[in-house]
Amino acid sequence: MLIAQITDTHIKAAGKLAYRRVDTAASLARVIDHVNGFTPAVDAVILSGDLTDAGRPEEFELLLHHLGRLKAPWYVIPGNHDKADTFRKAFAGTRYQPDDLPFYQYVVDDHPIRLIGLDSTVAGKPHGFMSPEKLDWLDARLTEAPDRPTLLFVHHPPFVAGIRHMDVQRLLNGDELMAVAGRHKQVRHLACGHLHRACEQVINGIGVSTGPCAAHAVTLDLDPEGAPGFSLEPAMMRLFYIDEAGQVLTHLSMIGDFEGPYPFFDAEGCLID
Ligand SMILES: [Fe+2]
Ligand SMILES: [Fe+2]
């Protein structure tokens, strides 16, 4: 099974550039083409928050216009740039709108791996935090299906990446989330957004990753005095390859036109010398 991760699309109103520089809608269109054109077909797409830049209704409208082109089923969770009320309104009627909860968390049981979307947002704040209610809900969902390999996804990463202005707005109680996840052996991976870079760490035996952004990257600046900034690096997306045992392996897939593929072997089957 293949799951693509699209994250931090930061969609603005039509014709507006993010930070006066980034055409986020064009980047989303390209990553959707990339997902739709992938062989073998992508089975599901997770969208891990900051889907809009300011949570405005017109931004969600444009986002939904683009998401309508995705061939695979897609699942959204909110990020700090999305606003809870407009987010809920925009996705009302989609299959996994958790109407009965005060937060945006849900389970998808339609695939060989169980997907659990989590809500790390704190109204009006850039950082993430998971309330005891959210963590208890997760613990209960994991307790009810101990034999189903499970992939969790949440916007804010629980780890320190060394990029100071992002680290102060990570999932502040990430250790509590990982303690809950670590109690359940079926949890195979935690996929996050927010960082606009591809990072990986193992916490409590669980692989944790952040997805790269197909639009603007947070600059890789490990200087503690470094100023917050972004760079227009090659666009990428993360792809999860899940084997029959439910083990999760991740790839980064570059978006764009590159030379190749070229053959290793000639017509006679010999390695080209
Ligand atoms: Fe973001
Ligand atoms: Fe974010």
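Select E144 and R141 in helix α4 (residues 132-144): the two residues are three apart in that helix and therefore separated by about one helical turn. Helices here are DSSP runs of H or I with at least four residues, strands are runs of E with at least two, and both are numbered from the N terminus. The side chains of E144 and R141 form a salt bridge, with the closest N and O atoms 3.1 Å apart; the term requires a side-chain nitrogen of Lys or Arg within 4 Å of a carboxyl oxygen of Asp or Glu. E144 is partly exposed at 45% relative accessibility, where buried means under 20% relative accessible area, exposed over 50% and partly exposed in between (1.4 Å probe, protein chains only).

The model is predicted, and local features need pLDDT of at least 70, side-chain atom pairs count only at pLDDT 80 or more, and totals for chains, interfaces and linings use all residues. Residues are numbered from 1 along each chain as its sequence is written, chains are lettered from A and ligands numbered from 1 in the order in which they are written, and side-chain values use heavy atoms, with hydrogens and water left out.

Next, select R197 and E233. Their salt bridge has its closest N and O atoms 3.1 Å apart. R197 belongs to the loop between β7 (187-192) and β8 (199-203), and E233 to the loop between β11 and β12 (236-242), so the pair ties together parts that are 36 residues apart in sequence. R197 is buried at 14% relative accessibility, whereas E233 is partly exposed at 29%.

R114 is buried, with a relative accessible area of 3%, while D109 is partly exposed at 43%. The whole structure holds 11 salt bridges.

Now move to the metal site and select the iron ion (ligand 1). Which protein donors surround the iron ion (ligand 1)? They are D8 (OD), H10 (NE2), D50 (OD) and H196 (NE2), at 2.0 to 2.3 Å; donors are N, O and S atoms within 2.8 Å of the metal (3.2 Å for Na, K and Ca), and sites may look incomplete because water is not among the atoms. The four donor atoms subtend angles of 88 to 176°, which makes the arrangement irregular. Irregular is what remains when four donors are neither tetrahedral (all angles between 85 and 135 degrees) nor square planar, and six are not octahedral (for both of these, opposite donors over 155 degrees apart and all others between 65 and 115). Display the iron ion (ligand 2) as well: D50 bridges the two iron ions, which lie 3.6 Å apart. D8 sits in the loop between β1 and α1 and H196 in the loop between β7 and β8, so this pair ties together parts 188 residues apart in sequence. Both D8 and H196 are buried.

Finally, turn to the aromatic rings. The structure holds eight aromatic pairs, defined as rings of Phe, Tyr and Trp (its six-membered ring) with centres within 6.5 Å, where planes under 30 degrees apart count as stacked, over 60 as edge-to-face and the rest as tilted. Select Y19 and F230, a tilted pair at 5.4 Å centre to centre with 40° between the planes. Y19 lies in the loop between β1 (2-6) and α1 (24-36) and F230 in strand β11 (residues 230-231), so the pair ties together parts 211 residues apart in sequence. To end, select F60, W74, F87, F91, Y104, Y106 and F153, which ring pairs link into a cluster.
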